[in-house]
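Hi there,

Here is the structure I promised to pass along.

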Amino acid sequence: MQPQPAPGPTMKRVTVPVGPDRTDVSSLLYFDGEDRNAEDRAKMQLMQLKEWSNQQVNEKRAREALEKEEEEAYIKQTQEMIRKRAIMQEEQDQRRREIKEAVRYKNKMMGNAKKDREAKEQLEALQEKAKFHAQAAASKGGTGFKKI
């Protein structure tokens with residue numbers, strides 16, 4: 001074997017890259033149980049965490065938008081029910097006024113009919129009385145009225 005000259009300006013030292021996949025545990029480049037992909041995994045976990053955070057933010061916004069939409073629909077429905085109730089109340093009040101007016105008219109007509117009937121009965125009673133007196137006077141030969 002020939003002695004090799006010391007590296008100098010004319011000679012270049014050639015090094016072969018030594019990586020963990022080309023060595024074993026005894027080279028002390030990595031340790032048994034050591035996680036050689038920790039950096040990559042940490043980056044991936046960070047990306048995943050950002051993705052999950054964005055997803056949660058989007059879900060929260062969607063949920064809030066849905067809640068707002070439901071609340072607006074509820075408010076609209078409630079307002080519509082209040083409006084319809086007011087319309088129905090007004091219609092019912094109008095019917096009550098019409099019924100009250102009809103009852104008042106009917107009572108007036110019945111009152112007038114009663115007055116007419118009483119007046120007719122009174123007239124018949126007076127006519128009956130006058131007829132009675134006229135018959136009594138005719139039978140006595142007088143007018144049936146007393147002179148004063």
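**Salt bridges**

Searching the whole structure turned up 4 salt bridges. Please keep in mind that this is a predicted model.

Let's begin with lysine 43 and glutamate 39, whose side chains form a salt bridge with an N to O distance of 3.7 Å. That falls within the 4 Å cut-off, so the pair counts as a salt bridge. Both residues sit in helix H1, which covers residues 38-140, and because they are 4 residues apart there, about one helical turn separates them. Glutamate 39 has a relative accessible area of 56%, so this residue is exposed.

Next, which residue does glutamate 80 form a salt bridge with? The partner is arginine 83, and the closest N and O atoms are 2.5 Å apart. Glutamate 80 and arginine 83 are 3 residues apart in helix H1, so here too the separation is about one helical turn. How accessible are these two residues? Glutamate 80 is partly exposed, at 31% relative accessible area, and arginine 83 is also partly exposed, at 43%.

Finally, glutamate 90 and arginine 97 meet through their side chains in a salt bridge, at 3.2 Å from N to O. Glutamate 90 has a relative accessibility of 45% and counts as partly exposed. Arginine 97 is partly exposed as well, with a value of 42%.

Best wishes

Note on methods. Residues are numbered from 1 along each chain as its sequence is written. This is a predicted model: local features need pLDDT of at least 70, side-chain atom pairs count only at pLDDT 80 or more; totals for chains, interfaces and linings use all residues. Side-chain values use heavy atoms; hydrogens and water are left out. Helices (H or I, at least four residues) and strands (E, at least two) are DSSP runs, numbered from the N terminus. Buried means under 20% relative accessible area, exposed over 50%, partly exposed in between (1.4 Å probe, protein chains only).
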